[in-house]
Amino acid sequence: MRHLARSVLALTALSFLYAPAASAQGRGRATYVKRYNDPVLEAIRKLNKNKRKAASKATAAVHDRYKAKKERKRKTKRKLLDALKGVAIPASPKVFKKVFHFKPVAQYYTGTCWSFSSTSFVETEVFRLTGKKIKLSEMHTVYYEYLEKARRWIRHRGHSAFSEGSESNAIFRVFRRYGAMPLAAYSGLPGKDKRHNHVALAKAIKAYLGHLKTSGVWDEKLALASIRLILNRHLGAPPKTFSYGGATYTARRFLKDVMKLDPTAYVELMSTSKQRFYRYGLFDVPDNWWRSRDYFNVPLKDFYAVVAGAVGKGYTAVIGGDVSEPGKIGFKDAAIIPDYDLPQSHINQHSREYRIASVLTTDDHGIHLVGKVRHGGRDWYLIKDSGRSARHGKAKGYYYFRDDFIKLKMLTLTVHRDALPKALRAKLSRAKKR
């Protein structure tokens with residue numbers, strides 16, 4: 001019994017000892033207090049932070065050294081160019097027989113030469129057909145070309161080329177579906193800087209498409225809505241309607257009623273012995289991302305005959321090919337094939353094909369051929385060029401391409417079918433598209 005009494009007394013004492021402190025009203029009170037930071041642990045944390053900072057600083061210094069080295073190399077890189085000594089270069093664009101075109105427009109930091117050259121071509125065609133001088137929007141076509149590239153990329157689950165590049169005949173495909181509009185209605189430049197710069201735009205779209213591939217969420221409707229949001233942020237949303245000449249138009253109605261352009265009236269030519277001549281075929285390059293087989297393949301003699309005869313008939317052409325050559329010099333406004341590259345007598349279908357097959361000739365750039373002159377015993381062509389190097393010389397937006405450069409290095413051309421010689425037009429009519 002004594003042991004039991006002691007136990008009861010002990011429990012009573014403990015309950016009193018550990019009972020919550022009573023307030024004046026007899027209730028407990030919770031309160032916030034400053035967290036205790038143990039000084040030893042804080043010292044270790046600071047040490048670790050300084051170690052990480054030092055390591056990051058050392059790593060950053062290494063990266064900076066290599067970045068600086070790379071930048072010095074980029075700025076001091078030397079490029080093999082021809083001196084063009086003894087070459088009789090036309091004096092200025094004024095000496096050329098020209099077809100109407102608007103003054104050159106710069107593409108700045110974009111890979112959309114295809115749109116600038118084909119838009120210029122269409123502007124010339126609109127004037128030829130209607131007498132109207134309408135400066136068109138390059139970026140309206142670019143906006144919807146990005147959208148269609150993304151659509152195919154999604155449908156093919158990433159097995160489709162996606163870049164800023166395309167081909168000149170893309171403009172007619174976009175026109176048929178989305179129409180066209182004047183530059184005044186849509187510039188594609190929503191910010192203060194009026195120079196085109198698509199670095200952030202292309203990066204954002206590619207990052208989003210990469211997310212789709214990683215996640216496996218191939219919801220086309222949702223994905224294209226997101227692509228539109230990206231395009232709207234960087235280019236601005238194209239207007240659904242706009243005013244022109246006192247009337248209101250949609251892009252498709254503007255194409256039909258004002259421009260009066262028939263997108264089906266144009267033909268794409270290529271010249272490669274890899275495929276049968278006088279047949280339609282695939283122009284097999286990455287920028288032909290939708291794998292168009294609408295290219296009519298002709299021998300080099302026919303290809304060049306179309307180029308040579310176009311301006312004399314009042315036509316122009318979009319041409320595309322390789323412009324990374326030692327004989328193409330922006331500061332001298334000229335492009336030729338030097339004899340040390342290939343003697344003039346050796347420029348033919350076979351030497352052309354060798355360069356295509358060995359990837360010495362690639363699909364680099366799209367440009368607009370707008371004039372011609374016979375100078376120094378050679379044919380020279382006036383080339384309207386949106387690229388930066390065309391601004392390095394005196395011609396400011398133009399190049400002068402000699403006949404040999406076109407024969408050896410240009411891969412495709414787009415013209416109105418009526419610009420073709422009669423015999424070639426007949427062969428085109430008999431050929432069937434696959």
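Helices here are DSSP runs of H or I with at least four residues, strands are runs of E with at least two, and both are numbered from the N terminus.

Before going on, note that this is a predicted model, in which local features need pLDDT of at least 70, side-chain atom pairs count only at pLDDT 80 or more, and totals for chains, interfaces and linings use all residues. Residues are numbered from 1 along each chain as its sequence is written, and side-chain values use heavy atoms, with hydrogens and water left out.

**Stop 1: α3.** Select 113–130. From first C-alpha to last, the 18 residues of α3 reach 26 Å, close to the 26 Å expected at 1.5 Å a residue (the expected span is 1.5 Å times one less than the number of residues). Of those 18 residues, 14 are buried, meaning under 20% relative accessible area with a 1.4 Å probe and protein chains only; exposed means over 50%, and partly exposed is in between.

Stop 2: Now show V105, F116, S120, K384 and S386, the closest to the centre of the largest cavity among its 14 lining residues. A cavity is a set of points on a 1 Å grid over the protein atoms alone where a 1.4 Å probe fits but cannot get out, and lining residues have an atom within 4 Å of a point. About 90 Å³ of space lies inside, the volume being the space filled by probe spheres set on the points, which are joined across faces, edges and corners. The largest share of the lining, 4 residues, comes from α3.

**Stop 3: the largest nonpolar core.** Select V122, I205, L209, L231 and M259, which touch the most other members of this 51-residue core. Such a core is a set of buried Ala, Val, Leu, Ile, Met, Phe, Trp, Tyr and Cys residues joined through side-chain atoms within 4.5 Å. α4 gives the most to this core, with 9 residues. Centre on M259: its contacts (heavy atoms within 4.5 Å) include V122, V126 and T130, with residues up to four places away in sequence not counted.

**Stop 4: two positive phi values.** Pick L84, in the loop between α2 and β1, where phi is about 55 degrees although the residue is not a glycine. Then pick V359, in the loop between α10 and β10, with phi near 60 degrees. Is each buried or exposed? L84 counts as buried at 6% relative accessibility, whereas V359 counts as exposed at 57%.

How values were computed
On a 1 Å grid over the protein atoms alone, a cavity is a set of points where a 1.4 Å probe fits but cannot get out, and a pocket is an open set with protein on both sides within 12 Å along at least five of seven lines; lining residues have an atom within 4 Å of a point.
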